[in-house]
Amino acid sequence: MRAGAWVLVRFIARRDRGLIALWIGVAVALPLFNAYSLAVLLPSEETRVAFAEMSVANPISRALLGPVHGTSIESLVAWRSGVQSLLITGLGGLLFAVRHTRAEEDSGRGELVAARPVGRHAVVTAVTVVAAVVNLVVAALLTVALTFGFGYPPGGTVLFALTVGAGGVAFAACGLLAAQVWQSAPAARGAAVGVLVAGLVPGVVVPESWIGMFPAGWPRLARAYGAERWWVPLLPLVFAAVFMLAVYALSARRDLGAGVLRDRAGGAGPVRGRLGSPLALVWRLRGGQVAGWSFALGTAGAGVGWVSASFELATLTGHTLLAIFTYVFCMVVACLTVAGTLRPYTEESRGRAAPLLATPTTRTRWLGGHTALSLAAPVAMLLAVGVGTGAGNALGAGGVAPILAQVGAALFFVPAAWAIAGVTIAAYGLRPRAAVPVGWAVVVVSGGCVALWEAGTIGDTVFLLTPFGYVHPSVSSGFVAPVGFALVAVVFVVAGGAGFARRDLLA
């Protein structure tokens, strides 16, 4: 059943050696940067104690990163880097898993591989091995760099590195499971990213006794450089083992190219009225996905709003909790916006755009249809976030004022989402093969700037130049930034359309 897995391991490692190196580099660089920057910013015990007290008093930091368990420099670095590192290794693992399973089946390459003398589970096994080795390398490099480069105690360093690496393995297994359940790669990625976000943000509302059931609690429970708990890295490995059992069971039963949740069938009647324009075709391809994302965000938002209505903690009020989660939802919408905006590249690279453009359908109308939905999708998703969080809060607190306030707060992010979509469209129109790395780089760099700004490494001016800057709960911004991002979106969309009209299609 696993024959040929070793050959596929070498093939995957060679094919994605650049992406794997980037994955490892970012995962290792983030804690090292925190170690360097915090050492410069906090050179003495007095400054570290003051920083710890400030962090505990900051409701946003406490909500997302948990309590501070020590004032040594290594403890503060582990506290600052724990959830951030899990986000990097987890996102890399699940995207890598979907890329080499569901995406390969979607493109037809998975069937070519299956036609060779390989076992039924060879691909899944190969992806698991590569993901595990990558996370093991991340853990080893972190251990060496922090121990010998910064002089941190080896025991706590190994515990911190193992927790991060084991978390990456768990999310890679989650991505493999999503690839078995959903029938398309975008849906599998969206579901896996949703699990990642849901696992990393519930620490503020989950009792401390249950926090270990969520990835957000693993760095807290481990307490590297403090009261070290060496059994904590086993928790994500247990989750990974359960996920992999389900993956192998589903892989043995489903048809190649199919998922447990099958795509809905088309109607039996004439399609002229429903597919009579490029925009109608784009809606047929992506409309259900946008509606599903909006429903999921609205439902999650309603739960958050209802909890925040009666939530009260020492330094964290319900209003602050609602603002934090609204900001997190905005980040999720940014990721989903990139994923949706890349659909024209997927259609072209798989050869489905060329036959359509050989008809009287013009390039401008075809790309215009995709662009229109790419700009409308974040509006719909953010509106769902605002209505959901506001309605949930209104049910708990009474009155309709929270609904209007939350809708306004969520829609405030629309220009930034448009700018992200515009950059992705421009990259696709001008340099299509750069669209995927450029689109995701905007989100990753913007997310990294959030961590840098919260650590005091970059100033307000630089932070406000990023899409996640002006909507941060701690930032009071006027309308200059959103207007600026809207104009940036217009410029990039026009540039992308002009470039697409002049270049050759991908071979």
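**Close-up views of a predicted model**

**View 1. Helix H20 and its buried residues.** In H20, the buried residues are Ala435, Gly439, Val443, Ser446, Cys449, Val450, Ala451 and Trp453. The model shown here and in every view below is predicted. Helix H20 runs over residues 435–454, 20 residues in total. Its first and last C-alpha atoms lie 29 Å apart, close to the 28 Å expected at 1.5 Å a residue. Just after H20, Gly456 adopts a positive phi of about 80°. Gly447 also belongs to helix H20. Its relative accessibility is 29%, so Gly447 counts as partly exposed. From Gly447 to Gly469 the C-alpha distance is 9.5 Å, across 22 residues of sequence.

**View 2. The Tyr152–Tyr225 ring pair.** The whole structure holds twelve aromatic pairs. In the pair of Tyr152 and Tyr225, the ring centres are 5.8 Å apart and the planes meet at 80°, so the geometry is edge-to-face. Tyr152 sits in the loop between helix H8 (122–149) and helix H9 (154–181). Tyr225 sits in the loop between helix H11 (218–222) and helix H12 (234–253). The pair therefore ties together parts that are 73 residues apart in sequence. Tyr152 has 5% relative accessibility and counts as buried, because buried means under 20%. Tyr225 is at 13% relative accessibility, so Tyr225 counts as buried.

**View 3. The loop between H11 and H12.** Which backbone angle marks Arg223, although it is not a glycine? Arg223 has a positive phi of about 50°. This residue lies in the loop between H11 and H12. With 28% relative accessibility, Arg223 counts as partly exposed. Tyr225 lies in the loop between H11 and H12. Tyr225 is not a glycine either, yet has a positive phi of about 70°.

**View 4. The stacked pair of Phe413 and Phe468.** The rings of Phe413 and Phe468 are stacked, at 6.1 Å centre to centre with 25° between the planes. Phe413 is placed in the loop between helix H18 (401–411) and helix H19 (414–430). Phe468 is placed in the loop between helix H21 (460–464) and helix H22 (480–502). The two residues are 55 residues apart, and the pair links distant parts of the chain. Phe468 is buried, with a relative accessible area of 2%.

View 5. Phe412, Tyr470, Phe479 and Phe485 are joined into a cluster by ring pairs.

**View 6. The Glu348–Arg503 salt bridge.** Glu348 and Arg503 form a salt bridge, with the closest N and O atoms 2.9 Å apart. Glu348 lies in helix H15 (residues 343–349), and Arg503 lies in the segment after H22. The bridge links distant parts of the chain, 155 residues apart. Glu348 and Arg503 are both buried.

View 7. How many salt bridges does a search of the whole structure find? The search finds eight. One of them joins Arg99 to Asp16, with the closest N and O atoms 2.9 Å apart. Arg99 is in helix H5 (residues 73–99), while Asp16 is in the loop between helix H1 (5–15) and helix H2 (17–41). These partners are 83 residues apart. Arg99 is partly exposed, at 30% relative accessibility. Asp16 is buried, at 2% relative accessible area. Glu45 and Arg48 also meet in a salt bridge (3.2 Å, N to O). They are three residues apart in helix H3 (residues 45–57), so about one helical turn separates them. Glu45 is partly exposed, with 37% relative accessible area. Arg48 is buried, with 15%. Elsewhere, salt bridges link Arg102, Glu105 and Arg254 in a network.

**View 8. A nonpolar surface patch.** Val129, Val133, Val137 and Leu141 make up a nonpolar patch on the surface. Together they have about 270 Å² of accessible area. Leu141 is located in helix H8. Leu141 has a relative accessible area of 40%, so this residue is partly exposed.

Methods:
Residues numbered from 1 in each chain as written. Predicted model: local features only at pLDDT ≥ 70, side-chain atom pairs only at ≥ 80, totals over all residues. Heavy atoms only, no water. Helix = DSSP H or I, 4+ residues; strand = E, 2+ residues; numbered from the N terminus. Expected span 1.5 Å × (residues − 1). Buried < 20%, exposed > 50% of the residue type's maximum accessible area, 1.4 Å probe, protein only. Phe/Tyr/Trp six-rings, centres within 6.5 Å; stacked < 30°, edge-to-face > 60°. Patch = residues over 30% accessible without salt bridge, like charges linked within 9 Å, V, L, I, M, F, W, Y side chains within 5 Å. Areas by Shrake-Rupley, 256 points an atom, 1.4 Å probe, with all protein chains shown as cover. Salt bridge = Lys/Arg side-chain N within 4 Å of Asp/Glu carboxyl O.
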